[in-house]
Structure formats: C-alpha cells, structure tokens
Amino acid sequence: MRKSVFPDHLKGGYGMAQGWKKYLNKLLRSSDILSSIGYETIIQHLNNGRKNCKEFEDFLKERASIEEKYGKDLLSLSRKKPCGQSETNTLKRALDVFKLQIDSVAQSHIQLAQTLREEARKMEEFREKQKLQRKKTELIMDAAHKQKSLQFKKTMDAKKNYEQKCRDKDEAEQAVHRSANVVNPKQQEKLFVKLATSKTAVEDSDKAYMLHINTLDKVREEWQSEHIKACEVFETQECERINFFRNALWLHMNQLSQQCVTSDNMYEEVRKSLEMCSIEKDIEYFVNQRKTGQAPPAPIMYENFYCPQKNAAPPGKATGSDLARRRLLPVPKSLPDDPDYSSLDNYSLIYQ
C-alpha cells in the first residue's frame, strides 16, 4: 500500500495555477462592450466543478451504504451461522479465531462506512462554503453588468439625440442659405431663430452625449475592475476546489487500501492459528475425551442348552483366555443309547 501522504508534486496546490488569472482575463476580453461570454464561460465552468463535487459526494454516500450493508451482513453471518461448532482442541481454537476475526473485519467495514460518510459531509460543507462565497461575487457582478448595460443604453440614446440635433441644425443652416434672396424679413427672422435654437440644442445634446460617454467609460472601468476581482476570487476558488477534490480522492484511496491491509492483518491471525493446529493432538484429544476401553469384544461362543458349561461367561462377556481353555463340543451322533441325547417316538432332536 502507498503511504497515506500526498506526494510532493501534489502539495501546496495553488502555485501551479498562478497563471490562470491571465487566462480568465483573456476570456473576459471582447470587442463588444455588452458581451459577457467570458464571464458566463467561467460561471459555467465553476458550476460544472460544483456538480463534480456533488457527484463525488454522492459516490461516497453510496459507497458508505455498500460498506455498511456488507459489514452488517458479514456480522450476521459470523454470529448466527454455525461453522464447525463441534470441532475440538486446536482446530476449535483456530475456528474461534476465524469467527472472531471475521467479526472484526465486519466491524471494520461498518467503521469505514462511517468514515466515508464523514468525508462526504466535509465535501458538502466545502461545496456550500464555496457557493456562499461565489454568491457574493456574483451579486456584485450582476449589478455591474446591469449598470453597464443601462448606462450603455442611455449613452446610445444620447448619441441618437445628439445626431438628430445636428441634422436639425444642418437643415436650419441650409434653409437660411436658401432664403438669402427672400425679401420677406419675417420669414428670414424665423429661419434665423430656428437656426439659433438648433445650435443651442446641438450644444446641449453634445454636452449630454459627452457626459454619458464619460459616465459609461467610468462604468466600464468599474466593470472591468470588478471582473478582474471576480477572476481572482474564482481562480482562488477553483484552485481550492481542485486541490480539495484531488486530496479527498487521494484520501479515499488510502482509506480503501487501509481497509484491505486491516482485513489482511485479521486474516493473518487466522492463518497463524491454523499453523498451530495439530492433527495428531486433535485426534489424541478426541480419543482421551471419548475413550471407552482398550480390549475388543470377545466372540460369542456356542452353548448347548442341555449341557451348560460350568463357570461359563455370560453372553457377550467371554474373554480370549476362556476361549483358550474351552474345547469345542463334539459333533453329535444319532445314537439311540447315547445318554446325552433323547428321542421321542423315534423322533430325534438331532437332524439326520
């Protein structure tokens, strides 16, 4: 198993992403002052990152449920299912160690499930923390976008008004030139008044237009400044997210590896107990505990009903020495005068 530490090239985390701010600023550049495609691209990227964290969080929860179910099933199997319960001596001790270690393995899986749920909780807290931090920046940026769009619209309206006033002044000047040969002084006076009015309107609209231009430029600079700040905040958040996500995944692998090591150590205890198991000792133990005697049973001997042997051993209790002293009975012969046999009406008890 690899050590439960992060390799050197994964430590720190933020230094390797210092150049990303320039990348974000490039995304924010656009010839269209109303364009927010760069900002929207970054927001979409951050949303995807948050979604990825949520997916890993759900993965940890599902894995925790699997580990917990496996641990409980294994625990139930270990405690309720008989396994060699009639064994004795060294093999019995090995089986006791086996059941004990299986119980421990089950408990370790249940503990791993709790650990994984704790890691999922940490991921959730981190994700929610970044969400709140982003919300503040997004509110500022939304206000900046809205202000820029509103000021741009006012500026464009001022420009249209200024251009219209200029056209009105030009028409008034042309009318004055055309009426140079007109003798009616009142008509000429009206044309001159209209021209003077149009010049005043041009000057006023020009001032308003310039004012809106200056205001828009200030809004644009403020908007650009807020964008840069947002890039810095989002960059920091993304570096933290990648670092946290990577470290969480690394830690998860260490936890799974440690579970394997823990289980193997418990299984090793069973192997050690099996090494101590002795076939000879177990058989000898069984014999000593269950022995019934050392002599085998003697054969059952034939006993004549009419000539019982003196001092004959009871059935099933004859010994080998009695057999050695006892001679075999002779084969009976059908002799009428033999006193050992009797007959009735010429019917012999001995088959011919």
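Helices (H or I, at least four residues) and strands (E, at least two) are taken here as DSSP runs, numbered from the N terminus. The model is predicted, so local features need pLDDT of at least 70 and side-chain atom pairs count only at pLDDT 80 or more, while totals for chains, interfaces and linings use all residues. Residues are numbered from 1 along each chain as its sequence is written, and side-chain values use heavy atoms, with hydrogens and water left out.

The chain has six helices and two strands. Read from the N terminus, the order of these elements is α-α-α-α-α-α-β-β. Of the 352 residues in the chain, 29% are buried, where buried means under 20% relative accessible area, exposed means over 50%, and partly exposed is in between (1.4 Å probe, protein chains only). A contact is defined by heavy atoms within 4.5 Å. Among contacts between residues at least 6 apart in sequence, 84% join residues at least 24 apart.

Two helices can be followed in some detail. Two packed helices are described by the angle between their axes and the distance between the axes. Helix α3 covers residues 89-178 and helix α4 covers residues 185-275; the two pack at an angle of about 170°, with their axes 7 Å apart. This makes α3 roughly antiparallel to α4. The axes are lines fitted to C-alpha atoms, for helices over the stretch in contact, and the angles run from 0 to 180 degrees between N-to-C directions. Angles under 35 degrees count as roughly parallel, over 145 as roughly antiparallel, 65 to 115 as roughly perpendicular and the rest as oblique. The contact of α3 with α4 has 42 nonpolar, 25 polar and 19 charged residues. In this classification Ala, Val, Leu, Ile, Met, Phe, Trp, Tyr, Cys and Pro are nonpolar, Asp, Glu, Lys and Arg are charged, and the others, Gly among them, are polar.

N89 is placed in helix α3. Its phi is positive, about 55°, although N89 is not a glycine. Most residues other than glycine have a negative phi. N89 counts as buried, at 18% relative accessibility.

S108 is also in helix α3, and its relative accessible area of 13% makes it buried. With residues up to four places away in sequence not counted, S108 touches Q259, T262 and M266. The C-alpha atoms of S108 and E68 are separated by 9.5 Å, although the two residues are 40 apart along the chain. The side chain of S108 also reaches the backbone oxygen of V105 at 2.6 Å. A polar contact is a pair of N or O atoms within 3.5 Å; within protein, one must be able to donate a hydrogen and the other to accept it, and residues adjacent in sequence count only if both atoms are side-chain atoms.

An unreviewed UniProt entry lists residues 109-136 as "coiled-coil region". UniProt positions are given in the numbering used here, feature names are shortened, and annotations may be inferred rather than shown by experiment. In the model this span is 100% helix and 0% strand, and its end C-alpha atoms lie 41 Å apart. E125 lies in helix α3 and is partly exposed at 45% relative accessibility. The side chain of E125 makes a polar contact of 2.2 Å with the side chain of R121.

T137 is found in helix α3 and is buried, with a relative accessible area of 12%. Leaving aside neighbours within four places in sequence, T137 is in contact with A230, V233 and F234. M141, another residue of helix α3, is buried with a relative accessible area of 0%. With residues up to four places away in sequence not counted, M141 touches Y39, E226, H227 and A230. M141 and E226 are 85 residues apart along the chain, and their C-alpha atoms are separated by 6.8 Å.

On the other helix of the pair, H252 lies in α4. H252 is buried, with a relative accessible area of 2%. Leaving aside neighbours within four places in sequence, H252 is in contact with F56, F59, L60, R63 and L116.
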